[in-house]
Amino acid sequence: MPSFHDIVGQRRSIHILQSFLKKKTYPQSLLFEGESGLGKRLAAEVFSQKILCHSDAADTMEACGTCLSCQKMRNQNHPDFSVISPDGNAIKIDQIREMQEKMIYKPIDGQRKIVIIDPADKMNKAAANGLLKTLEEPPSYAMIILVSAKALSLLPTLRSRCQKISFHPHSFSQIVHILKREKGWTNSDAQLVTATTHGRLQESRGFDIESAREMDDKYHKLVAPNDLFETVGIFSGNNPDLEAALSYLMTWIRDALVLKSSEYKKQSDPAMLRYAWRVEELKSWTAQRSGSEIHDLFSDLQTIYHARTRNVNRQLSLETFLIRFRKYKPIHTQK
Ligand SMILES: [Zn+2]
């Protein structure tokens, strides 16, 4: 049975949920927001299960797992708990109406009736407006948990009715830790995959080490002393690899800034780097540039990266950037 321990990181949000559990006072509507893969839905389920659990053990923040309510949760037939998910590509008004009709009746099993709506941003306009009525005047026993990776696209009136529980992206080292635990990978393999997927946990989990090595070799050409034309090729036109190439460079420059920092000079710990296995090349690249030059490259690259469209201006800034990025003496590879 899942528990709060299965949610990695998110200490602050879990602390808030547990403080509701301790006081046994609950907001009637909550919004679990944050990008996907952070454990929002899992947290919503664990939280619901504990609220509905019959066991009153005050010393634990977890549901007992054995009472009748916990059994029903496990068998997915708890009468006071339901999940609304898209019917086709949207959550429709009929689904909200059906929930509202059931919500009229008091809980059968305990004190509360809990509904999770996931992803809440999939509610169409009619459904969202329909739900708003419930959030405005909920029965005392009702609790609605909206789960969304795109919370800003929800109706502002819905958002403002909810207590927000924010889920934050995992840190680089948290993901390395998760991958080592789940996949049994070595530290450097876990680092490689984490860096290649830019710290996106879901993506990391589906990645294999060979593909990560291939990608690393491919994008490393951007900083190594290869033919500039080859590099320009990666950056040109609508190359599908462009975003990945930009991400690679961002991380590279980020590491270069870390190397320049007094913090790194003090600790000299390669674990502070995303591309720790490239530490010697990074040092050599960084040694040829001043901190402010690297800063400028970083902010230029950020602007390019966040420019929404691949228009002519973006292409021009990219080329200018690349010339500045590469105009210095290239790194010498060992022959
Ligand atoms: Zn229980």
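User: Why does Gln-76 count as exposed?

Analyst: In this predicted model, Gln-76 has 9 C-beta neighbours inside 10 Å. The cut-off for exposed is 12 or fewer, so Gln-76 counts as exposed.

User: What is the label of Glu-280, and why?

Analyst: Glu-280, found in helix H14 (residues 279-287), has 10 C-beta neighbours inside 10 Å. With the limit for exposed at 12 or fewer, Glu-280 counts as exposed.

User: How far is Glu-280 from Lys-40?

Analyst: Their C-alpha atoms are separated by 39 Å, and the two residues stand 240 apart along the chain.

User: What share of the protein is buried?

Analyst: Buried residues make up 29% of the 335 residues. Strand S1 (residues 29-33) is mostly covered, with 5 of its 5 residues buried.

User: How do you know which faces of S1 are covered?

Analyst: On one side of S1 are Ser-29, Leu-31 and Glu-33, and on the other Leu-30 and Phe-32; all of these are buried, and both faces are covered. In a regular strand the side chains alternate between the two faces of the sheet.

User: What makes S1 and strand S4 (residues 142-148) a pair?

Analyst: S1 and S4 are joined by 5 bridges and run parallel. Pairing asks for at least two bridges, so S1 and S4 pair. Within S4, Leu-146 is the bridge partner of Leu-31.

User: How do strand S2 (residues 81-84) and strand S3 (residues 113-117) run, and how many bridges join them?

Analyst: S2 and S3 run parallel and are joined by 4 bridges. Phe-81 stands opposite Ile-114 in S3.

User: Why is the crossover from S2 to S3 called right-handed?

Analyst: The chain passes from S2 through helix H4 (residues 93-103) to S3. With the strands pointing away from the viewer, a clockwise path from the first strand over the helix to the second is right-handed, and this β-α-β crossover is assigned that hand.

User: Where does the chain have a cis peptide bond?

Analyst: The bond from Asp-118 to Pro-119 is cis, with omega near -10°. Pro-119 lies in the loop between S3 and helix H5 (125-136).

User: Which residues touch the most other members of the largest nonpolar core?

Analyst: Phe-32, Ile-117, Ile-145, Leu-146 and Val-147 do, in a core of 42 residues. Helix H2 (residues 40-52) gives the largest share of this core, 6 residues. Another core lies apart from it, with 26 residues, among them Leu-179, Leu-201, Ala-256 and Leu-318.

User: What is Ile-117 in contact with, beyond its neighbours within four places in sequence?

Analyst: Ile-117 is in contact with Ile-84, Ile-91, Ile-144, Leu-146 and Val-147. The criterion is C-beta atoms within 7 Å.

User: Which domains does the assignment give, and how many residues of each are in contact with the other?

Analyst: The domain assignment gives domain 1 (4-166) and domain 2 (172-326). Between them, 4 residues of domain 1 are in contact with 5 residues of domain 2. The side of domain 1 that touches domain 2 divides into 1 nonpolar, 3 polar and no charged residues. Taken over C-alpha atoms, the domain centres are separated by 39 Å.

User: What does the protein span along its principal axes?

Analyst: The C-alpha trace spans about 75 × 45 × 35 Å. The protein has 16 helices and 5 strands.

Definitions and conventions. Residues numbered from 1 in each chain as written. Predicted model: local features only at pLDDT ≥ 70, side-chain atom pairs only at ≥ 80, totals over all residues. Core = buried A, V, L, I, M, F, W, Y, C linked by C-beta atoms within 7 Å. Buried ≥ 20, exposed ≤ 12 C-beta atoms within 10 Å, placed from the backbone. Helix = DSSP H or I, 4+ residues; strand = E, 2+ residues; numbered from the N terminus. Contact = placed C-beta atoms within 7 Å. Domains from an automatic or database assignment. Nonpolar A, V, L, I, M, F, W, Y, C, P; charged D, E, K, R; others polar.
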